[in-house]
Amino acid sequence: MASTGEIDYVKQLTYTGELLYGYSQTGETFPYKSDLKNHQQARTEEKPHQCSQCDKTYSCDSDLLIHLKTHMPPYQCSQCDKAYSHISSFKVHLRSHTG
């Protein structure tokens, strides 16, 4: 099995000149090396990206960035200590202060 991030082969499409990065285990090709790396990590269940605030780990750094937002909710109630990640939940909460 190829190690994570290893390019098994590079294929150049003759009609466009586009390079595709291939993974021989699945036969899939990707337009970017990062897509290949993410695919390999997902297949091997390797999760090298760990949240610094909790024990959760992710195979893709983009998934970790999405998760980190749960630790930093952008909607903070000015009347109490509650904070929310989604505006819809925040709006529902605000109504609890107005009756």
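The structure is a predicted model.

**Annotated spans**

- An unreviewed UniProt entry lists residues 49–76 and residues 75–99 under "domain: C2H2-type".

**Helix H1**

- Helix H1 takes in residues 33–44, a run of 12 residues.
- From first C-alpha to last, H1 reaches 17 Å, which is close to the expected 16 Å at 1.5 Å a residue.
- Leu36, His39, Gln40 and Gln41 are the buried residues of H1.
- An α-helix has 3.6 residues a turn, so residues three or four places apart point the same way.
- The cover over the buried residues of H1 includes strand E2 (19–23), strand E3 (28–30) and strand E4 (49–50).
- Glu45 follows H1 and has a positive phi, near 65°.

**His67 in helix H2**

- His67 belongs to helix H2, which spans residues 61–68.
- The relative accessibility of His67 is 9%, so this residue counts as buried, the cut-off being under 20%.
- Neighbours within four places in sequence aside, His67 is in contact with Cys51, Cys54, Lys56 and Tyr58.

**Aromatic rings**

- A pair of aromatic rings is described by the distance of the centres and the angle of the planes.
- The model holds 2 aromatic pairs by the rule applied.
- One of them joins Tyr75 and Phe90, with 5.8 Å from centre to centre and 25° between the planes, and is stacked.
- This pair links distant parts of the chain, since Tyr75 lies in strand E6 (residues 75–76) and Phe90 in helix H3 (residues 87–98), 15 residues apart.
- Tyr75 has a relative accessible area of 28% and is therefore partly exposed, a class that lies between 20% and 50%.
- Phe90, by contrast, counts as buried because its relative accessibility is 14%, under the 20% cut-off.
- Tyr84 and Phe90 also pair: their ring centres are 6.3 Å apart and their planes stand at 45°, so this pair is tilted.
- Both Tyr84 and Phe90 are buried.
- Together, Tyr75, Tyr84 and Phe90 make up one aromatic cluster.

Key
Residues numbered from 1 in each chain as written. Predicted model: local features only at pLDDT ≥ 70, side-chain atom pairs only at ≥ 80, totals over all residues. Heavy atoms only, no water. Helix = DSSP H or I, 4+ residues; strand = E, 2+ residues; numbered from the N terminus. Expected span 1.5 Å × (residues − 1). Buried < 20%, exposed > 50% of the residue type's maximum accessible area, 1.4 Å probe, protein only. Contact = heavy atoms within 4.5 Å. UniProt positions renumbered as here; feature names shortened; annotations may be inferred. Phe/Tyr/Trp six-rings, centres within 6.5 Å; stacked < 30°, edge-to-face > 60°.
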